[in-house]
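Work through the following exercises with the sequence and the model side by side, and try each task before reading its solution.

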Amino acid sequence: MAVQGSKACVMPGKEPTLSALVVACNEEHQIADCLDMLKFADEIVVVLDKCTDGTREVAQAAGARTLAGNWEIEGPRRMAGINACRGDWILEVDADERVSRDLAAEIRSAVQDDADACYLIPFENFIGDRLVRYGWGGSWGVSATVRLFRKGNKTWGNQRIHPAITLQGERRWLKACMLHHVDRDVSDMIQRLDRYTAARAADMRASGSTESFGRNFRRLFTRFFKCYVRRKGYKEGYYGFLIAFFAAIWPMLAWLKFRLDRD
């Protein structure tokens, strides 16, 4: 791994400092917009995972420090970025996410508090240009998650997909939303399903999973009901149906890959 950059963390007296952390793999087409909305942070750190495009050059042009490497597992990749951050607080942002002005102001206010805390940030999820508010869940999109925390208060687990996290300190909420451009279209959703299930199958092999066909078959129905009915995906029309459908089938598809694609 190599750390490069032209901008050091600003340490204005004893005032708490904020690092913005972005993990990217070949994101030159969208990372500039992401980084442009993180200029309120005292430093920006970009983790370059197996990047072969111009992401590094775009990041460095934006004043970010870069950490290049090759990680097979999500958790260690995230922890490498966290460990590279110099700030007292860390804000984790993915390349397809945007921090609005309202959220930036709320974050700057929150880090002035000397609290030992982690902050959950609500999400507004977009498919293409369509804001889709309802139906997310079942490991298929999030409505809120911990993205702002004092350094040392969040630890990622050792999984490839949806790593477990360990949190310390008080849990609090911010009000403004993170804007998440989760998928461009239905084809993008299908490609994400393939990536998620392949990663999950690899995790199952690594852990020696004993999950059964029956358990995952039942989840087809419980997950669909949870997303489409309980989380009101029906309000989103066909998009709500697709979200519930993908949330329902991805554990079963991952299990089938685990069982059938062992070679």
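Predicted model: local features only at pLDDT ≥ 70, side-chain atom pairs only at ≥ 80, totals over all residues.

**Exercise 1: Confidence**

Residues are numbered from 1 along each chain as its sequence is written, and side-chain values use heavy atoms, with hydrogens and water left out.

Task: state the average pLDDT of the protein chain, and find how many contacts the model has for residues 6–12 beyond four places in sequence.

Solution: The chain averages a pLDDT of 92, and 95% of the residues score at least 70. Over residues 6–12, however, pLDDT stays under 50, and the model has 16 contacts for them beyond four places in sequence, a contact being heavy atoms within 4.5 Å.

**Exercise 2: Strand pairing**

Task: determine in which sense S6 and strand S7 each run relative to S13.

Solution: Take S6 to begin with, which is joined to strand S13 (residues 178–183) by 3 bridges and runs antiparallel to S13; two strands pair if DSSP finds at least two bridges between them. Within this pairing, Glu97 stands opposite His180. Turning to S7 (residues 117–127), this strand pairs with S13 in the parallel sense over 5 bridges, and Phe123 has Met178 of S13 as its bridge partner.

**Exercise 3: Helix packing and a lysine**

Task: describe how helix H6 packs on H7, and decide whether Lys257 is buried or exposed.

Solution: The axes of H6 (residues 213–230) and H7 lie 8 Å apart at an angle of about 165°, with axes being lines fitted to C-alpha atoms, for helices over the stretch in contact, and angles running from 0 to 180 degrees between N-to-C directions. H6 is therefore roughly antiparallel to H7, a label for angles over 145 degrees. Residues making the contact include Phe217 and Phe224 of H6 and Phe241 and Trp255 of H7.

Lys257 is found in H7 (residues 238–260). Because its relative accessibility is 13%, Lys257 counts as buried, the cut-off being under 20% relative accessible area (1.4 Å probe, protein chains only). Leaving aside neighbours within four places in sequence, Lys257 is in contact with residues including Asp194, Arg205 and Arg262.

How values were computed:
Helix = DSSP H or I, 4+ residues; strand = E, 2+ residues; numbered from the N terminus. Buried < 20%, exposed > 50% of the residue type's maximum accessible area, 1.4 Å probe, protein only. pLDDT = per-residue confidence, 0-100. Parallel < 35°, antiparallel > 145°, perpendicular 65-115°, else oblique.
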